Amino acid sequence: MKQIHVGSRVRIADGTILNAALRCPVERRPEPAQMLWAGRDTSVSGYQRSAGGRSLYALQGAPGLWPEEWVDPI
């Protein structure tokens, strides 16, 4: 588990990782608008835990929620 806090700078996973996630079950796939954010740097603006226990992050300016496997602290 990564230590990512609200306000932290993060880098979104590259297109290879997000494209691979498109083969996951629908609830774990990136949204089309999220694909445009591949490889970008931003900051964490919010956090929540899914019903299944996954860590999900809201990112400054980026659409949707981002699971921790799609973001890395920088």
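Buried here means under 20% relative accessible area, exposed means over 50%, and partly exposed is in between (1.4 Å probe, protein chains only). This is a predicted model, so local features need pLDDT of at least 70 and side-chain atom pairs count only at pLDDT 80 or more, while totals for chains, interfaces and linings use all residues. Residues are numbered from 1 along each chain as its sequence is written, and side-chain values use heavy atoms, with hydrogens and water left out.

**View 1. E69 pairs up with R54.** The side chains of E69 and R54 form a salt bridge, 2.6 Å from N to O (a side-chain nitrogen of Lys or Arg within 4 Å of a carboxyl oxygen of Asp or Glu). E69 sits in the loop between β4 (65–67) and β5, and R54 in the loop between β2 and β3 (55–59), so the pair ties together parts 15 residues apart in sequence. Strands are DSSP runs of E, at least two residues, and are numbered from the N terminus. R54 is buried, with 18% relative accessible area, whereas E69 is partly exposed at 42%.

**View 2. D72 meets K2.** In this salt bridge the closest N and O atoms are 2.8 Å apart. D72 belongs to strand β5 (residues 71–73) and K2 to the segment before β1 (9–12), so parts 70 residues apart in sequence get tied together. Both count as partly exposed: D72 has a relative accessible area of 38% and K2 has 27%.

**View 3. R11 joins D41.** Here the salt bridge spans 2.7 Å, N to O. R11 is partly exposed at 38%, and so is D41 at 35%.

Notes:
Helices (H or I, at least four residues) and strands (E, at least two) are DSSP runs, numbered from the N terminus.
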